[in-house]
Amino acid sequence: DALPICQPKTASFTMRGLTLLVCLLPCLAYGAPPPEPRVPESLDPTPYSVTDAEIKSLSEQLYAADENKFHSGDIVLNLQHRVSSADAEMGTGQDYASQKLFSYVNEKNLSARPTFARLMSLLDNYNRMTGTAEAVPSVEIQEQDAFLNEIFATRVISQLYNFFHVKGIYTSQAEFKSDMKEMWFGLYTRSKGPLDSSGFEHIFHGEIKKNIVSGLHNWVQLYLLEKAGQINYLSYSYDGPWTSFPDVMALQYKWSSYLKSVGSFYLGSSPEFDMAVYTLCYVTRPDKMCNISIGGNISKIQTYSWANSTYGNGKRYVASAYPSV
């Protein structure tokens, strides 16, 4: 026979002792353990707690530690025409720009700075069309590891790890690196079919889903695609208050014939900075708006987790992360 469920019921103070005795009698008779006290859901203990102030403080430290970010004169944009956010959301795809967006990029920085070089080696590994399985040969796994090793050698990722370690989120740098690889590069399906996507592919490379551009929140990829003649810049709808890099932009463009009505990204940031702030927000504020601080100005990051499949002990892959404008 099944053991009785021993669950104390609510009672007044004068009846509390009698109620507890009545509840425990079946447990004593059947040899079942006494019930554990129930903790209200709102008071459930969590393994760690990170305040909004701590996120803002840490993001300022990450910004200050980003030695690989670009500086004034390294990037020159030709913005041409601004549309309202409402017009951008309508997604008409009207072309207001007769010239390219990027007038100049200091390419020496891209090739000479190891984290940028490792990032670019990853960008030709993906098929942008969802529904097509991603093949991941051993050479591409080696490129993923090389990228992670390079960013983990930076002050940006070291500071992020130190914060997570103090909070008890990760017990070792090896554990953190392993989890970052899974959450960012682990494959899942966006098409209810083959394993065709990952958080890294979606955010740093970009995808085509239902005949529109999905993801693509990295300035290096945008520059390389425009340089290759694959991006047709249409207009912009947001240019942040920052006068140095990283800045926050939101653009409208077509990748081949596929429209991106609002594509936001950090401009001039290093790969390790993007990975750090997105991971910070994803780990501490999953599926929520996350306020970071860059040079005294607030930048909002929206993160989403992939809910249809998991890795490890029920952990979720990164689905998306981007600056919200």
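**A first look at this predicted model**

Hi everyone. Let me start with a count: there is 1 disulfide here. Please keep in mind that the model we are looking at is predicted.

So where is that disulfide? The bond links cysteine 281 with cysteine 290, and the sulfurs sit 2.2 Å from each other. That is within the 2.5 Å cut-off, so the pair counts as a disulfide. For anyone new to the term, we are talking about a covalent bond between the sulfur atoms of two cysteines. If you turn to the S-S bond, the angle about it is -65°, and the link of cysteine 281 and cysteine 290 is left-handed.

Are these two cysteines buried or exposed? Cysteine 281 has a relative accessible area of 0%, so it is buried. Cysteine 290 comes out at 1%, so it is buried as well.

Now let's step back to the whole chain. It has 325 residues, and 47% of them count as buried. You will find 11 helices and 10 strands along it. Taking the contacts with a separation of 6 or more, 63% come from residues 24 or more positions apart. As for the surface, the chain exposes about 16000 Å², with carbon and sulfur atoms supplying 52% of that area.

Key: Residues numbered from 1 in each chain as written. Predicted model: local features only at pLDDT ≥ 70, side-chain atom pairs only at ≥ 80, totals over all residues. Heavy atoms only, no water. Helix = DSSP H or I, 4+ residues; strand = E, 2+ residues; numbered from the N terminus. Buried < 20%, exposed > 50% of the residue type's maximum accessible area, 1.4 Å probe, protein only. Contact = heavy atoms within 4.5 Å. Areas by Shrake-Rupley, 256 points an atom, 1.4 Å probe, with all protein chains shown as cover.
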